[in-house]
Amino acid sequence: MSQEKVDKYKEQKKNRQNPKKVSKIKKVVPYVITTIVVLAILGFLGISVAKQTGCYTPPTEAREWSEQEIQSFRQVLIQATDRNVQYTTVAPETKAASKKANNSKKVEVTKKASAKTTKKADK
């Protein structure tokens with residue numbers, strides 16, 4: 001009987017958590033929860049004040065940009081030498097644009113020619 005008690009005591013001791021660890025967790029958890037609640041309240045207040053003062057207006061609907069507007073914006077950015085602009089279309093007054101236009105025309109002509117030859121070959 002005493003050996004059973006000893007085994008039971010050993011099992012309970014294995015399953016016990018370190019009291020220092022538990023006390024640290026019990027001290028920290030309320031601070032974390034309080035911090036989260038305060039940040040949520042401050043965020044809510046900040047957004048509501050921004051909406052009331054007009055500093056923040058959520059978008060009402062998505063704007064569709066025409067191709068002409070996009071090209072206009074791109075040209076402005078290119079002239080401002082913005083490095084983030086992708087040069088899918090280049091201003092026609094630059095040398096690079098004329099080279100690119102000539103190359104694209106050559107590619108189109110060769111594609112059309114190859115398409116015609118394959119149609120003739122299919123017949």
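Me: What pLDDT does the protein average, and what share of the residues score at least 70?
Reply: This is a predicted model. The average pLDDT is 76, and 64% of the residues score at least 70.

Me: Which helix has the lowest mean pLDDT, and which the highest?
Reply: Helix α4, residues 95-122, has the lowest mean among the elements, at 58. α2 has the highest, at 91. Where pLDDT is low, the coordinates should not be read in detail.

Me: OK, the fold. How many helices and strands?
Reply: Four helices and zero strands. Along the sequence the pattern reads α-α-α-α.

Me: What fraction of the residues count as buried?
Reply: 6% of the 123 residues.

Me: And the accessible surface of the protein, what does that come to?
Reply: About 11800 Å². Carbon and sulfur atoms account for 61% of that area.

Me: Back to α2. How many residues, and how far does α2 reach?
Reply: α2 has 35 residues, covering 19-53. From first C-alpha to last, α2 reaches 52 Å, close to the 51 Å expected at 1.5 Å a residue.

Me: What follows α2?
Reply: Gly-54. The phi of Gly-54 is positive, near 90°.

Me: Which residues form the nonpolar patch on the surface?
Reply: Ile-25, Val-29, Ile-33, Val-37, Val-38, Leu-39, Ile-41, Leu-42, Phe-44 and Leu-45. Together they have about 950 Å² of accessible area.

Me: Take Val-29. Where is Val-29, and how does its accessibility count?
Reply: Val-29 sits in helix α2. Val-29 counts as partly exposed because its relative accessibility is 39%, between the 20% and 50% cut-offs.

Me: What about α1, how long is that helix?
Reply: α1 spans residues 2-15, which is 14 residues. The reach from first C-alpha to last is 20 Å, close to the 20 Å expected.

Me: Why does α1 lie largely in the open?
Reply: Because the number of buried residues among its 14 is zero.

Me: Switching to aromatics. How many pairs does a search of the whole structure find?
Reply: One. The pair is Trp-65 with Phe-73, ring centres 5.1 Å apart. Their planes are at 80°, so the pair is edge-to-face.

Me: What relative accessibility do Trp-65 and Phe-73 have?
Reply: Trp-65 is at 43%, so Trp-65 counts as partly exposed. Phe-73 is at 44% and counts as partly exposed too.

Notes. Residues numbered from 1 in each chain as written. Predicted model: local features only at pLDDT ≥ 70, side-chain atom pairs only at ≥ 80, totals over all residues. Heavy atoms only, no water. Patch = residues over 30% accessible without salt bridge, like charges linked within 9 Å, V, L, I, M, F, W, Y side chains within 5 Å. Areas by Shrake-Rupley, 256 points an atom, 1.4 Å probe, with all protein chains shown as cover. Salt bridge = Lys/Arg side-chain N within 4 Å of Asp/Glu carboxyl O. Helix = DSSP H or I, 4+ residues; strand = E, 2+ residues; numbered from the N terminus. Buried < 20%, exposed > 50% of the residue type's maximum accessible area, 1.4 Å probe, protein only. Expected span 1.5 Å × (residues − 1). Phe/Tyr/Trp six-rings, centres within 6.5 Å; stacked < 30°, edge-to-face > 60°. pLDDT = per-residue confidence, 0-100.
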